[in-house]
Amino acid sequence: MDLATGAMGTLLPKLLELLSEEYKLQKGVREGVKSLEKEMRSMYAALRKVAEVPREQLDEQVKLWAGEVRELSFDMEDVVDKFLVHVDEGSEPAANSNKLKRLTKKMASLFTKGKARHEIADAIKDINKQVQAVAERRARYNVDITVANLPTVTSIDPRLGAMYTEATGLVGIAGTRDQEVMKLLSEGDDMSKKNLKIVSVVGFGGLGKTTLVKMVYEKIGGDYDCKAFVPVGRKAEAKTVFTNILLNLGINGSELIMLNEQLLIDKLREFLKNKRYLIVIDDIWDEKLWTIIKCAFSSSNKFGSRLITTTRIVSVSESCSSSTNDSIYTMEPLSDDDSKRLFYKRIFSLESGCPPDFEEVSRDILKKCGGVPLAIITIASLLASGQRVKPKKEWHVLLDSIGRGLTENHTAKEMIRILSFSYYDLPSPMKTCLLYLSMFPEDSEIMKDRLIWMWIAESFVPSGKANTSLFEVGETYFHELVNRSLIQPVYGYYGFVYACRVHDSILDLICSLSSEENFVTIVNGTSDNMSSQGNVRRLSLQNGIKEEDRTRPHISESIRQVRSVVTFEPAIDLMPPFSSFVVLRVLDLELYAYRGTKEDHLNLQELGSLLHLRYLRLSGRRIGELPKEIGKLQFLQVLDLPGGTRLPATVIKLTRLMCLLINGGRFPPPDGVGNLRLVEVLSKIKVGSVSIAKELGNMDRLSELNIQFESSDPVKAFVESLGKMRKIQHVVISSKCELEVSMDHSGERWESPASLREFIMHKGVRLSTLPSWNPYHLSQLFRLEIYVGEMRQEDLGFLGRLPALRILELKSDNQRSLLVGAEGFRCLETVTFHSKSPSKILFKPGAFPKAERVLLFIGLRAAKEEAGGNGGDWFDLGMENLPSLQDVSVIFFRSGVTVGEAKQAEDALENALDDHPKRPNIRIHCLEVYAAADLESDGGESESDDGWDGEE
C-alpha cells in the first residue's frame with residue numbers, strides 16, 4: 001500500500017491471483033478481471049509519476065483524477081479481500097469430527113464459496129463501470145499529457161532566504177554553534193591543520209544548517225585565497241555542482257559550457273592545486289553524488305584548505321567525513337534561552353521583552369517549537385502582524401493547532417513546504433510509513449516494534465530479498481527514517497533504539513499531508529468530523545478534553561471502509577461498536593477506561609466478526625480469557641495482549657500468525673501451539689510441560705522467544721527445540737516456581753543456534769557450570785546474561801573469545817578468584833558482575849579495552865571481612881586498569897555492616913577511581929538485604945527485563 005498509488009501495489013497481484021484455477025471464476029468474470037488488471041496497471045504507472053511531484057505543483061485536474069483512482073483501488077481491494085476471506089473461511093473441516101458434521105461443514109463451505117463467487121461477479125461488473133468512467137475522465141482531462149510534462153525540480157530554492165539573511169536578523173539562531181564549527185575547522189596538530197579537512201553539518205530541515213554555515217563562511221572566508229558557497233539540493237547533477245563552484249571561484253562561464261564531468265573535475269583540481277580554499281557545499285542528499293564531487297578535491301593539498309558540507313541525512317554526513325581528519329557536527333535544537341531571544345525579537349522587537357500576560361502561552365508555544373529556528377520564526381511571524389501583536393486569544397488558538405497540520409497561513413505553508421523536501425525524497429513505501437505516524441498524538445513515544453507490525457498489517461512493507469522477513473524490511477525503513485532525521489530515536493540503557501518521537505514541526509507536515517489525501521482521520525470527541533470526508537480509511541481516536549464534553553462519533557457509511565483504528569487513553573468511549581467495521585485490518589485499543597460489563601458498547605466476542613483483521617493489540621487492563629471467536633480471524637498476523645490473558649484453544653487455528661505477545665504470561669498456551677509455524681516473535685509464554693517445549697521446535701521461523709518455566713522438567717526438551725530454530729536471534733528465559741530451574745538437565749552437549757544474538761537468563765534459572773558451547777556457533781552473540789553456580793577461569797577465557805560480545809552480565813556463587821586480563825573481550829562495552837565477595841574479581845591492566853560502563857553488585861559483609869585481612873583496604877578491584885571506563889554503578893548490600901562501615905566502603909571505592917585518567921561518573925546505592933531478587937539488574941530501562949527492546 002502506498003499513499004500516492006493507493007492500494008494498487010497490493011491490488012494488482014491479487015487480481016492476478018483471482019485468475020488462477022483455484023478460484024474457478026466464470027469466463028465472463030475472468031474477462032472482467034483481466035480488463036480491470038490491464039487498465040489499473042496503466043493507471044498505476046501514471047500515479048507513480050504523479051507521486052514524484054510536490055502536491056502544490058500538481059494541476060488541479062490531475063489531483064482530482066489521482067484521488068479518484070486511489071479511492072477506486074481501495075474499493076477494489078476491499079471487494080477482492082471479501083471474496084478471498086469468504087472462500088478461505090471454513091475450507092478445511094476438522095479431521096476429528098464425525099462424518100455428518102464434516103459433510104455439513106463441507107456443504108456450508110461450498111455454499112459460502114458459491115455465494116462469494118456470485119457476489120464478486122456483480123462487484124466486478126460494477127467496478128468495471130467505475131473504471132471506465134475514470135478512464136474517460138483521464139482522456140478528457142489530458143492527464144497523460146499533463147503528467148508527462150510535470151516538473152521534476154523545485155521552482156524556488158528554499159535556502160535563498162537563509163543565504164541572504166543579514167547578520168542582525170540572526171539573533172538567537174547561532175548561539176555558540178558558529179564557534180563550535182570554527183573550532184572543528186581549526187583543531188588538530190600543526191601537520192593535520194595543513195591537510196584538507198572536511199566538516200559535515202547534519203540535522204533535519206529547519207534547524208538552521210544553511211544559516212549557520214553561511215555565518216561561518218562570512219566570518220572566516222577572508223583568511224583563504226579563494227572561496228565558494230554552492231547550494232546543491234535534491235536531484236542535483238554533478239556537472240551542475242562543479243560548474244557552480246567554478247563560477248563562484250571566478251571562472252568565466254563560457255569556458256565551462258562544453259566541458260563534461262571529467263573535464264570539469266580536472267579544471268577544478270588544477271585551479272585549486274596550490275591554493276588555500278574554503279568551499280561550502282550546501283544541502284547534499286545523495287551519497288553517490290558526493291562520491292563524484294569529492295574527486296575534485298585532492299587530499300594532497302597541504303595549504304590548510306577546508307570543505308564544509310550540510311545535509312539532512314546522517315549516512316551522507318558520514319560519507320562526507322570519512323577520513324580521520326574530518327569531523328561531523330550534529331545540529332542540536334536551540335537552547336531555551338536562545339529560543340526565547342529569537343522568538344521575542346521577532347514579535348516584540350526585543351530580545352528579552354515579553355509582556356507578563358504572554359509569558360505562559362509563549363512558554364507553551366516554544367515548547368512545541370522544540371528549539372527549531374524555522375518553526376520559531378514561522379510561528380512568530382504568524383503572531384506579529386506589522387507593528388501589532390495579535391490578541392492573546394489568537395495565541396492560544398495557534399498553540400492548539402501546532403502539531404496537527406491545521407495552521408492555515410502562507411508563512412506556515414512555506415515552512416511545511418521546506419520540510420516536505422525530505423518527504424518527497426523518500427522512496428515511495430517509506431512515504432506511506434512516515435504518514436502513518438500521524439495516527440499518534442503529539443509527544444508520543446512510539447514503540448518501534450509495535451509501529452513496524454502495524455505497517456506490515458497495512459501492507460505498507462513489501463517483501464524483501466530471499467531469507468529476509470517483512471519485519472526486517474520494516475526495520476530498515478524505521479532506521480532510514482531516523483537516518484534522514486524525520487523521526488527522533490529513543491535509546492535504551494544499552495544504546496539500542498526501542499522507540500521514536502516525531503518533532504512537532506514534522507508532525508505538522510505529515511498531518512497536513514494526511515489530511516489532504518484523506519489518509520488519517522483524527523477524532524477527539526468534540527464534534528462529528530467524519531461525516532463530511534467521504535470514506536474514512538484510518539481512524540485515530542484521541543482525547544484531550546473533559547469527559548462531559550466528549551461525544552461518540554456519528555456512525556455512517558463512511559466508517560465501514562476503515563482499515564486501521566487506534567485508540568489512546570481514555571478515548572475508548574469514542575470507539576464505535578466492532579460491527580461498524582467491514583474491512584478492518586489494524587485494531588489497537590487502550591482499554592484503561594473499558595469496564596468489561598454487559599453495559600459496555602464493546603463486546604469482545606464480536607472481534608470474531610472482523611475477518612479481515614491482521615493486527616490486534618489490546619492493552620491497559622486484564623481481560624481474563626480471550627473469546628474463542630478469535631479463532632475465526634484466519635488472516636491475523638499480530639496478536640498483542642495484556643498480561644494475565646488466557647488464550648482459548650481456538651488460537652491454534654491462526655496459522656498466519658507471525659507475532660504473539662502476552663505481556664507477562666500467567667497461563668500456558670493450548671496444546672497444538674506448534675501449528676503456528678509462521679510465528680517469528682513469541683513472548684511471554686509459560687512452559688509447564690514437555691509437550692509444549694517440544695512443540696516450540698516446530699516453529700522454525702522464530703527469531704524472538706521469551707518463555708517462563710514452571711519446573712525443570714521441560715528443560716531438556718526445550719534445549720532440543722532451541723537447536724532446531726535456525727533463525728532464532730533473541731532468547732529470554734525465566735521461571736516462576738518455588739525451586740530454581742536448573743538448565744543442567746539439558747545434557748552434556750548444548751548446541752546453540754548460529755543465528756543467536758541475545759541470550760538472557762533471569763531470576764530463578766541457573767547453570768551449575770558454563771555449557772560446552774561451540775564458540776563458532778556464537779559468532780553473532782552480542783548480549784549474554786547468565787547465572788552460573790561456579791565460574792571458572794577457563795570459562796571466562798571462553799567468553800572473552802566470543803567475537804561480537806558487547807554486553808555481559810554474569811551472576812555467580814563463585815568462591816574462587818577471577819582475573820580479567822588484557823586478552824579477549826575486544827568488543828565488550830557494558831559489563832555487570834554480581835558477587836558476594838569483591839576480592840573474587842580483579843581487573844588487570846588493559847582489561848576490557850572498550851568497556852565504558854561497569855555495574856557491580858557487592859555484598860559488604862564479605863568485603864568487610866576481606867578488608868580486615870588486607871590491612872583495612874576495602875577494595876582492590878583494579879578498576880583503574882579499564883582504559884575506556886566512563887560510567888560506574890555499584891549496588892552495595894548492607895546486610896551485616898553498620899552505616900559507618902558502608903560509608904567507608906563508598907569512600908574507598910571513590911578513592912580507588914580518583915586516579916582513573918577518564919574520571920568516570922560514579923553512582924553508588926545501598927540496599928539492606930542481599931537476596932536472589934536483588935541479583936536482577938534492571939538495566940535502567942524497559943528494554944530489558946525481558947530482553948525486548950522497547951517492550952511496553
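**Close-up 1. Arg656 lies over the face of Phe635.** The distance from Arg656 to the ring centre of Phe635 is 4.4 Å. A second case is Lys227, whose charged end sits over the ring of Tyr217, 4.9 Å from the centre. To count here, NZ of Lys or CZ of Arg has to be within 6 Å of the ring centre and within 35 degrees of the ring normal. A word on the source: this is a predicted model, where local features need pLDDT of at least 70, side-chain atom pairs count only at pLDDT 80 or more, and totals for chains, interfaces and linings use all residues. Residues are numbered from 1 along each chain as its sequence is written, and side-chain values use heavy atoms, with hydrogens and water left out.

**Close-up 2. Phe343 and Trp395 make an edge-to-face aromatic pair.** Searching the whole structure turns up 18 aromatic pairs. Rings of Phe, Tyr and Trp (its six-membered ring) pair if their centres lie within 6.5 Å, and planes under 30 degrees apart are called stacked, over 60 edge-to-face and the rest tilted. For Phe343 and Trp395, the centres are 6.1 Å apart and the planes are at 80 degrees. This pair links distant parts of the chain, with Phe343 in helix α14 (residues 336–348) and Trp395 in helix α17 (residues 392–401), 52 residues apart. Helices (H or I, at least four residues) and strands (E, at least two) are DSSP runs, numbered from the N terminus. Phe343 is buried at 0% relative accessible area, and Trp395 is buried at 0% too; buried means under 20%, exposed over 50%, and partly exposed in between (1.4 Å probe, protein chains only). Ring pairs join Phe343 and Trp395 with Tyr344 and Phe358 in a cluster.

**Close-up 3. Tyr436 pairs edge-to-face with Phe460.** Here it's 5.4 Å centre to centre, with 75 degrees between the planes. Tyr436 lies in the loop between α19 (428–435) and β8 (446–447) and Phe460 in the loop between α20 (448–457) and α21 (470–483), so the pair ties together parts that are 24 residues apart in sequence. Tyr436 is buried at 0% relative accessibility, and Phe460 is buried at 1%.

**Close-up 4. The second largest cavity has a volume of about 90 Å³.** On a 1 Å grid over the protein atoms alone, a cavity is a set of points where a 1.4 Å probe fits but cannot get out, and lining residues have an atom within 4 Å of a point. Residues lining this second largest cavity include Met791, Leu810, Phe833, His834 and Lys840. β27 gives the largest share of the lining, three residues.

Note on methods
On a 1 Å grid over the protein atoms alone, a cavity is a set of points where a 1.4 Å probe fits but cannot get out, and a pocket is an open set with protein on both sides within 12 Å along at least five of seven lines; lining residues have an atom within 4 Å of a point. Grid points are joined across faces, edges and corners, and a volume is the space filled by probe spheres set on the points.
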